[in-house]
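Reader: Please take me through this model by question and answer, starting with the pairing of strands.

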Amino acid sequence: MINKAIERFERNVVRTARNTLDELRSSQNTFGEMEYFYKVLNDTFVDLKKSTIKYIGSYCVMVPDEIIYAYGYRPVRLCAGNSVAAMLGDEIAPRDACPVLKASYGFSQMDILPIYNQCEIAILPMTCDGKRKSAEIISDYVPVIPLSIPMEKSEESFAEMLENLKSLAKTLSKITGRKLSNKRLVQSYKDIHQAQKQAFRLNERFCHTDSHISGSQYMAIMNSFCYAEPSEWANKVDEFCNSIDSMTTDSNQKRRKKARVLIAGSPITFPNYKVPLLLEQMGAQIVGDETCMSGRLLYDPVVPDDYSTDGILRALTARYVTACACPVFDQLDDQIYRLTEKVKLTKAEGIIYYVLRGCTPYDFELSKAEEAAEKMGIPLLRVETDFSLEDTEQVKIRLEAFVEMLEQRR
Amino acid sequence: MKGRKITIFRLLCLLVMAVIFMIAFNGFHIAFLIASLTSALLLGRIWCGYICPLGFYQELISLLRKKLRIPKIILPARMKIMLKPIRYIVLVGFIVGMVAIGTRPLIYIRPDKVFFDSALGITSIILLGAITGVCFLSERFFCRICPLGTARGFANKTSLAKIKKKGSACTHCRACLESCPMEINDIYLEREKENVTDSNCIYCMKCIEACPEKDALSFTVCSKTVLRSKRNIK
């Protein structure tokens, strides 16, 4: 009986992921180079390919991947976006918890995704309330290292965070029995630095007025970084950028101008591409995205002053925590400045503020974002939804009206 | 550490000046004094970053430290506050020494001559060793209490050369502060003011080199932009 239930669960999980991938593949402007990124997602979520790779999982974007690579493990982002897994997680999580947590619980509980099965340790930063409480729940399935994050960005909290990272390294040394080697840390810093450079290049092309990549494609590429090998990923993005560049010179036909929309707010993780895909169906063009699992994932580079272990750890702290624009921090200046700059850069005509049901930090940020949008003279639409497809039609109507309004405003 | 053209240019400047001082200092005392004074009045502490041989020596030993991958020592916040009055005390002491006793510290112009002097007293050796040791672990530590630098620092306020910041473009990634040899906090924290030239700034441009945001930091001379920060891709 239970086996059958698990089988059905697995079938549904795979179906959800495959549907999203199919939708992504069928969108316009498909490049041959995209296949690599789709394959990464396909291997992870559809084919459920097992491998001998040992993972250390992490949640949020505050855990430096460089440290995990330095220990000879592969980092993997465990924040999930699958609606079927979220349904299962509903059993453990309180009703008002956000679907990202629910889906992560669901996957932790069911041993079907290889990335969760091969994960030896999970590092959980104490960011929002939900993540803080998750430590207890997830520790039933995998050993959890909680990583405390100071909730302010002062000089003292920088020193505190640096100490936290150092103790994280000590804990990892204890558990894995390996030492944090400077050579490997520097190497992993260089690999990820390459990926960050390429991600920036891709972002430039994505924000371009005549962009050839759609928002959902961009999100899929960025998201696939979490499950890929960084230097390989960087090479593929490099090839992709080159082919986009050659396209711009080849064909210069005039197309009808689409409404330019920027997505900000809660994390959008594969396969939860409901909102971006709907937006594109409604004829809008996503020109920028300020969510933590794609646009912000690789945006800031790590800039060490010297290559000593201490120097790299300082730079990692600066990049992953001080520069982080997550709304859980005490003040929201950084986030709003970033949003404003992004709107200026992308020449967006409207902002879709995506709020996952139960994701309160982003809902708190909303009022500030609305103020900023008003100052810039562009409309902002708050879309609250979760992973399920039940409200697709309702969301669709709202998005359609918003896109129409943007076109009328010109 | 690749693509640091500005730092390489600056180190070349320092090297050339050190050589010039070695060959042609005697006989041109007055000329160098006038050059030093005018540069200080017009451009503030630019002498410290591009000409001072003692600064060059400190930078060489920090380069060695970076090569050996030895971490730098960051002074605790309380010590940084303490350094401020110490700077002024040292400056007053220096001026008194110059006027009353007539000290002419050769180390500013010819650190090599001081180091290889055969008649070096035991106290001077200890002092030089201590300064070298501290500067090895903390980049340009001496510059933070240097009396000549403090005096030039007053001119930084009215200097024609300015470091400017576009607060809205800053993402608070701390790259500027991490690379700053003088550990100037304001450049990282400031968001409202445009002019972020601190009295300690030696115009080494490391912040502009490190800053990944386009146009967030810029260096202007007579309000003409000379350098801007940008993301280094390839």
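Reader: How many bridges join strand 1 of chain A to strand 3 of chain A?

Author: The model is a predicted one. Strand 1 (residues 55–58) of chain A and strand 3 of chain A run parallel. Ser58(A) has Ile123(A) in strand 3 as its bridge partner. The bridges that join strand 1 to strand 3 number four.

Reader: What is the hand of the β-α-β crossover from strand 3 to strand 4 of chain A?

Author: Strand 3 and strand 4 (residues 144–148) of chain A run parallel and are joined by five bridges. Leu124(A) stands opposite Pro146(A) of strand 4. Between the two strands the chain passes through helix 7 (residues 129–138), and the crossover is right-handed.

Reader: Why is strand 3 of chain A largely enclosed by the rest of the structure?

Author: Strand 3 covers residues 119–126 of chain A. It is largely enclosed because, of its eight residues, the number buried is seven.

Reader: Within what arc do the buried residues of helix 16 of chain A fall?

Author: In helix 16 (residues 392–409) of chain A, Leu399(A), Phe402(A), Val403(A) and Leu406(A) are buried. They line one face of the helix, because seen down its axis they fall within an arc of 95 degrees.

Reader: Which helix of chain B gives the most to the side that touches chain A?

Author: In chain B, 19 residues are in contact with 26 residues of chain A. By class, this side of chain B has nine nonpolar, four polar and six charged residues. With three residues, the one that gives the most is helix 10 (residues 175–179).

Methods:
Residues are numbered from 1 along each chain as its sequence is written. Chains are lettered from A and ligands numbered from 1 in the order in which they are written. This is a predicted model: local features need pLDDT of at least 70, side-chain atom pairs count only at pLDDT 80 or more; totals for chains, interfaces and linings use all residues. The expected span of a helix is 1.5 Å times one less than its number of residues. A residue is buried if 20 or more other C-beta atoms lie within 10 Å of its own, exposed if 12 or fewer, and partly exposed in between; C-beta atoms are placed from the backbone. The arc is that of the directions from the helix axis to the C-beta atoms. Two residues are in contact if their C-beta atoms, placed from the backbone, lie within 7 Å. Ala, Val, Leu, Ile, Met, Phe, Trp, Tyr, Cys and Pro count as nonpolar, Asp, Glu, Lys and Arg as charged, and the others, Gly among them, as polar. Two strands pair if DSSP finds at least two bridges between them. A crossover is right-handed if, with the strands pointing away from the viewer, the path from the first strand over the helix to the second runs clockwise.
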